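Welcome! Let's take a friendly walk through a protein model, stopping at a few spots along the way.

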Amino acid sequence: MKEEQYIVAIGLSAGGLDALKKIIKNLEYNLNATYIIAEHHVDSSKNKLKEILSKLTKIPIHYAKDNELIKPNNIYICPSNKHITISHNKIELYHIDRENTFKPSINWLFESISKYQNKAIAIVLSGALNDGSNGILNVKLNGGMVIIQDPKTASFPMMPQNAIETNLYDFILPPKEIAFTLNKFLKLEFNIQNDKLKIINKIFEILKNDFQVDFNDYKLGTILRRIERRMVFLKINSLHTYLEYLQKHHKEKKALFDDLLIVVTSFCRNRESFKKLTQTLEDYILNSNENLKIWNIGCATGEESYSIAIIIQSILEKYNIKRKFHIFSTDISQKAIDIARIGEYPKNEVESSLPTSQIKYFEKHGDKYIISPQIREHISFANHNILEDTPLTNIDLIVCRNLLIYFKIHAQEKFFSLANYALKENGILFIGKSESFPEKSELLFKTIDSKNKIYQKINNSQPLIFPISYHISKPKNEKIAADSIINVLKENINKIFNTFIIIDNYGNILYTAGEYEKYLKIPRGKFSNNIFSFIDEELNLPLHTIISQTKSKLISINYKIRLNNDNIQYINLLSFPLNEFKKNAIGIFFIPSSNEINSQSLNKNCSEVEHELIETKQKLKHTLEELSTTNEELQTSNEELQSSNEELITTNEELRAVNESLNKTNNELNEYKTKLEIKVKQKTKEFIKEQKKREKIEKNYIKNLKKELNKKVNELRKKDILLQNEYKLARMGELLSNISHQYRQPLNRLSLNLSNIEANIDNISKEDILDCVRKSYNTINFLSETIDDFKNLFNSHKHKDIVNLYVLVENIINFIEIHKTIHNIDIKINIDKNLKIATFPNELTHILLNMIHNAKDAIMEKNPKNPYIKISAKVVDNDIIIKVKDNGGGIKNFKKLFSPYVTTKQNGVGIGLYMSKIIAKERLNAKLWAKNKKNGANFYLKVKYERNL
């Protein structure tokens with residue numbers, strides 16, 4: 001596999017298909033990543049995932065085959081009833097034997113890809129239960145990325161929610177955003193490779209200045225992947241832009257620092273390894289009578305430290321051994337240390353990681369477990385950088401797991417040298433399963449268990465790499481920061497300060513100068529470079545005193561020392577901080593304050609006795625002050641212990657009562673379980689018997705039901721024929737009603753003309769008679785044309801005519817003679833006199849006649865003060881919209897307007913507008929509608945407009 005290839009494992013269960021489709025659909029092609037999909041299957045015969053996804057992407061999709069070599073830019077789907085893992089770039093498939101296991105296991109898949117470290121990406125989608133939650137732990141431990149679907153977008157949010165509760169994720173995103181983030185992250189990785197290394201070094205400088213941690217010792221690939229994630233999160237594409245952002249925002253510095261530390265751990269991680277460690281510790285404890293000192297390096301949030309403490313406590317209890325032990329737990333992350341000190345963990349994490357026998361070392365509080373005081377008192381947590389700070393010594397067991405995988409080779413070599421130095425003879429080293437020894441460090445340890453990475457210090461071995469903190473004199477071939485300080489001292493005060501020793505805050509000698517041999521004595525046998533192993537016994541106490549008081553100020557004390565030739569000499573011990581040389585370093589200067597004097601001559605000297613008496617009083621006073629302080633602290637501690645003891649007694653009684661109650665409940669549950677199993681068997685037999693009866697009844701019922709359905713279908717067909725005939729008759733009735741409606745207006749007009757003649761028969765002139773005859777003929781012609789129109793109403797062969805719309809409307813107004821009915825009405829026609837339209841004239845006349853008649857009838861019914869009817873037409877795009885507006889008070893039954901038999905008048909039949917709507921739609925391909933406006937109604941007719949007629 002190419003170095004830059006990523007392995008993307010996607011786990012999903014119930015409801016996850018929709019999310020998966022969105023991800024696959026939006027994934028970009030050729031991102032040089034391999035995708036592995038594990039979906040839980042209830043029914044293996046319904047696995048159609050390949051067919052579904054192939055329609056959404058160009059990326060090749062395959063059902064995975066055992067021992068198949070994976071290729072970049074390909075998608076592999078786990079077959080039904082198989083587990084899938086990836087090992088050495090090949091697919092491994094396992095048959096599923098157990099019914100109660102997840103099919104396939106998402107945890108197994110995630111654990112297998114975690115070996116690809118920062119090239120592994122785990123994605124958790126919708127599903128029930130908690131598959132995948134344990135697997136993402138391994139991915140994060142090895143520097144991989146974890147993306148979880150936002151539970152709000154999941155059909156079944158339990159699986160994403162359980163993964164989120166582990167707090168081991170990089171992103172929580174909806175499905176589409178998951179795809180976009182992958183696209184951006186996988187492309188961004190190649191861009192960063194081409195950027196200058198200077199930018200990365202500047203980022204290292206920023207972090208070192210702010211957090212005193214040098215990331216030059218960490219593998220560059222790991223650092224780059226973490227920076228990429230921050231860039232994707234902030235939506236920054238350029239590494240240079242990210243550097244500028246980092247320089248301006250302290251919160252981002254802290255976020256990047258926390259991300260780079262990869263603070264991830266769990267209880268008894270890799271149970272097989274911890275089982276072997278337990279066996280090793282049993283042998284070690286049984287073969288030793290000394291108290292135990294354990295150092296957990298990179299303890300993170302404390303789970304590993306508490307696991308080791310529980311194991312040791314269990315061993316001591318098992319063999320009834322009374323022995324003290326203490327675990328020094330250190331980590332570079334202060335945030336992780338603070339969490340570890342509290343010792344509080346989620347219920348699910350504790351119960352899923354530890355056996356019941358070890359959970360007794362916790363106290364349950366709601367949905368949390370808190371480590372018991374019995375275990376907590378054996379552990380101390382502290383901030384410590386293994387590559388920079390002074391190591392502990394005389395350690396029985398060092399535990400450092402999944403930290404070395406992030407170090408460069410030289411840093412790993414330095415670690416193993418430090419571990420060898422810190423361990424006592426036959427001390428044990430326990431490292432992570434993915435970690436191994438550099439070639440130069442193999443001679444420092446012998447193997448106890450190679451599979452589980454447990455080793456033992458080789459006695460008398462010398463560390464190959466030894467930090468400057470432990471050299472007694474300055475290395476010849478290495479320049480150190482103290483050069484300038486020493487030169488200044490020698491040039492300016494060489495005559496006085498010619499003998500000095502520089503130590504760290506633990507007393508380890510860092511540098512020596514002058515005739516220090518007068519004050520230091522090389523001890524016999526094994527020794528360390530600690531100053532208290534060398535210093536003259538008479539200087540031991542005063543040296544302790546000045547070192548304990550030296551923090552930020554200069555301390556001086558005058559003391560007598562006996563030299564090798566039985567002479568004595570008074571010297572000044574001068575001590576002050578030397579942080580410029582090394583952090584927390586202390587300079588101790590030996591300055592003679594008298595000549596050497598023969599001890600015998602001084603025995604007679606009273607002043608010497610007085611001087612020693614004063615000196616003794618000073619020491620006694622200092623000792624009494626320390627004893628007083630210690631006594632007060634012990635008093636306080638005693639009161640706290642008494643209080644804690646009372647609480648423990650009360651808690652113990654409560655636990656005993658709870659335990660008795662639980663035992664009783666457990667017995668009742670077992671009895672109930674037995675009875676329930678018997679009942680289930682009985683009910684199962686009864687159910688099978690009833691099922692057979694039911695199936696027989698259902699067969700007969702279905703047979704009879706088919707007969708009844710056929711009979712009903714035949715009856716419905718006959719009724720349908722009758723309904724069709726009735727519908728035809730109803731349509732004919734509607735047509736006849738409309739014809740009668742159309743005749744009523746002309747006939748009323750004929751009747752009105754004849755009534756006028758009859759009423760004025762005595763005074764009528766010849767001209768009036770001729771005018772009445774002419775109007776009567778016009779009315780009769782209109783009736784005749786109306787009859788022809790109805791005859792040809794639905795004739796498909798009828799042709800359109802070109803009509804002047806203004807003239808057509810004017811003729812209708814003249815025909816209706818509204819002025820004779822409503823004397824003061826204002827009728828306005830706002831239509832272009834040259835506007836022509838291609839239409840069926842009679843159909844259009846019929847519709848406009850109804851629109852204007854309705855306006856006239858509404859005005860007659862409401863009788864407004866200034867009645868008006870306004871008729872207008874305007875061209876809009878490719879349509880003509882004709883509007884008839886009145887102030888007749890509006891339409892009451894507006895919603896049912898244009899329905900049959902719904903009228904706007906008191907004595908109307910409700911046919912005119914209904915038929916107008918039908919004619920407009922079927923014949924003119926037009927639209928007819930109405931709106932209520934202030935004090936009246938507007939009727940609209942929209943017809944097609946053909947230009948250039």
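Asparagine 863 counts as exposed, at 64% relative accessibility. Here buried means under 20% relative accessible area, exposed over 50%, and partly exposed in between (1.4 Å probe, protein chains only). Asparagine 863 sits in the loop between helix 25 (841-862) and strand 29 (868-876). Its phi is near 55°, a positive value in a residue other than glycine. Helices (H or I, at least four residues) and strands (E, at least two) are DSSP runs, numbered from the N terminus.

Glutamine 212 also has a positive phi, of about 55°, although it is not a glycine. Look for glutamine 212 in the loop between helix 7 (197-211) and helix 8 (220-234).

## How to read this model

This is a predicted model, in which local features need pLDDT of at least 70 and side-chain atom pairs count only at pLDDT 80 or more, while totals for chains, interfaces and linings use all residues. Residues are numbered from 1 along each chain as its sequence is written, and side-chain values use heavy atoms, with hydrogens and water left out.

## A positive patch

Lys917, Lys921, Lys927, Lys931, Lys933 and Lys942 form a positive surface patch.

Helix 26 (912-922) and strand 31 (927-933) each supply at least two residues of the patch. The largest share, three residues, comes from strand 31. Lysine 933 belongs to strand 31 and is partly exposed, with a relative accessible area of 43%.

## Aromatic rings

How many aromatic pairs are there? The count comes to 22, where rings of Phe, Tyr and Trp (its six-membered ring) pair if their centres lie within 6.5 Å; planes under 30 degrees apart count as stacked, over 60 as edge-to-face and the rest as tilted. Phenylalanine 437 and tyrosine 455 form an edge-to-face pair, with 4.6 Å centre to centre and 90° between the planes. Phenylalanine 437 lies in the loop between strand 17 (423-431) and strand 18 (445-449) and tyrosine 455 in strand 19 (residues 454-457), so the pair ties together parts 18 residues apart in sequence. Both phenylalanine 437 and tyrosine 455 are buried.

Phenylalanine 500 and tyrosine 511 form a stacked pair, 6.5 Å centre to centre with 20° between the planes. Phenylalanine 500 is in strand 20 (residues 500-503) and tyrosine 511 in strand 21 (residues 509-513), 11 residues apart. Phenylalanine 500 is buried, at 3% relative accessible area, and tyrosine 511 counts as buried at 10%.

Methods:
Patch = residues over 30% accessible without salt bridge, like charges linked within 9 Å, V, L, I, M, F, W, Y side chains within 5 Å. Areas by Shrake-Rupley, 256 points an atom, 1.4 Å probe, with all protein chains shown as cover. Salt bridge = Lys/Arg side-chain N within 4 Å of Asp/Glu carboxyl O. Lys, Arg positive; Asp, Glu negative; His and termini not counted. Charge placed at Lys NZ, Arg CZ, Asp CG, Glu CD.
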